[in-house]
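The paragraphs below lead from its cavities to its core.

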Amino acid sequence: MSDDLSKSQRIEQIAVEIAICQRCHLHESRKNPVPGAGDYNARLVIVGEGPGAWEDEQGKPFVGRSGKLLDQIIEKHGVLKRSEIFITNVVKCRPPGNRTPMPEEIKMCKDHLIAQLNTIRPRAILCLGSTAAQTLSGQTSPLTRLRGRNLSGLKPAIVATYHPSYGLRMGEPVVKLMESDFALACSLALGA
Ligand code: URA
């Protein structure tokens, strides 16, 4: 068995573990689990907060309005295609009404995220919003203080930026900062 095959099998296995997970209550109200999607060999992994209504319908991450903004940022930068990135969330089941996941839900779901990251072994992780940034960096500062730099002394690099839903609300000034954070994450992911 090649390394690649066992890696994709492991990611598929984690998706099954997510589908049958009952560690928190979120599985009771969701329509579909959203384990994540993209390249299992990605150098860059993007982590959002949790699935919204569109993602819950389709079982895929970032397919709604926030996903469209993320697509625009990826396409404008032009160095990586969305299909070359692995995209996932801190929690894999939709929190009712799109509320922020609770600390206990994040804690229960974190093993799935860490298992995905340990399998893919990206060079850089881009966190979208404070839930992902705080969960993965272990730092509690507000996002304005976390964004725009590498938060990890070790590998993988961890870069935080605003959540696309905030970019949609605030418009161009925030989207420009997101573009620059995305470019930093790509350069850490692809640089020598
Ligand atoms: N918001 C998120 O945080 N994740 C998604 O997948 C969609 C919207």
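How do the residues of the lining of the second largest cavity divide into nonpolar, polar and charged? They divide into 6 nonpolar, 1 polar and no charged, where Ala, Val, Leu, Ile, Met, Phe, Trp, Tyr, Cys and Pro count as nonpolar, Asp, Glu, Lys and Arg as charged, and the others, Gly among them, as polar. The model is predicted: local features need pLDDT of at least 70 and side-chain atom pairs pLDDT 80 or more, whereas totals for chains, interfaces and linings use all residues. Residues are numbered from 1 along each chain as its sequence is written, and side-chain values use heavy atoms, with hydrogens and water left out.

A cavity is a set of points, on a 1 Å grid over the protein atoms alone, where a 1.4 Å probe fits but cannot get out; lining residues have an atom within 4 Å of a point. Grid points are joined across faces, edges and corners, and a volume is the space filled by probe spheres set on the points. The second largest cavity holds about 30 Å³ and is lined by Leu 70, Ile 73, Leu 126, Leu 128, Thr 161, Met 178 and Phe 182.

Leu 128 is found in strand E4 (residues 124-128), strands being DSSP runs (E) of at least two residues and helices runs (H or I) of at least four, numbered from the N terminus. Leu 128 has a relative accessible area of 2% and is therefore buried (under 20%, with exposed over 50% and partly exposed in between; 1.4 Å probe, protein chains only). Its contacts (heavy atoms within 4.5 Å) beyond four places in sequence include Ile 46, Phe 62, Leu 70 and Tyr 162. Phe 182, in turn, touches Leu 44, Ile 46 and Leu 126, among others.

Phe 182 also belongs to the largest nonpolar core, where Leu 44, Ile 46 and Phe 182 have the most contacts among 51 residues. Such a core is a set of buried Ala, Val, Leu, Ile, Met, Phe, Trp, Tyr and Cys residues joined through side-chain atoms within 4.5 Å. Helix H9 (residues 172-190) gives the most to this core, with 7 residues.

The largest cavity contains about 100 Å³ of space. Of its 13 lining residues, Cys 21, Cys 24, Cys 93, Cys 109 and His 112 are the closest to its centre. H5 provides the largest share of this lining, 4 residues. His 112 lies in helix H5 (residues 103-120) and is buried at 3% relative accessibility. Its contacts beyond four places in sequence include Cys 21, Arg 23 and Lys 92.

Terms used. 1 Å grid on protein atoms, 1.4 Å probe; cavity = no way out; pocket = protein on both sides within 12 Å on 5 of 7 lines; lining within 4 Å.
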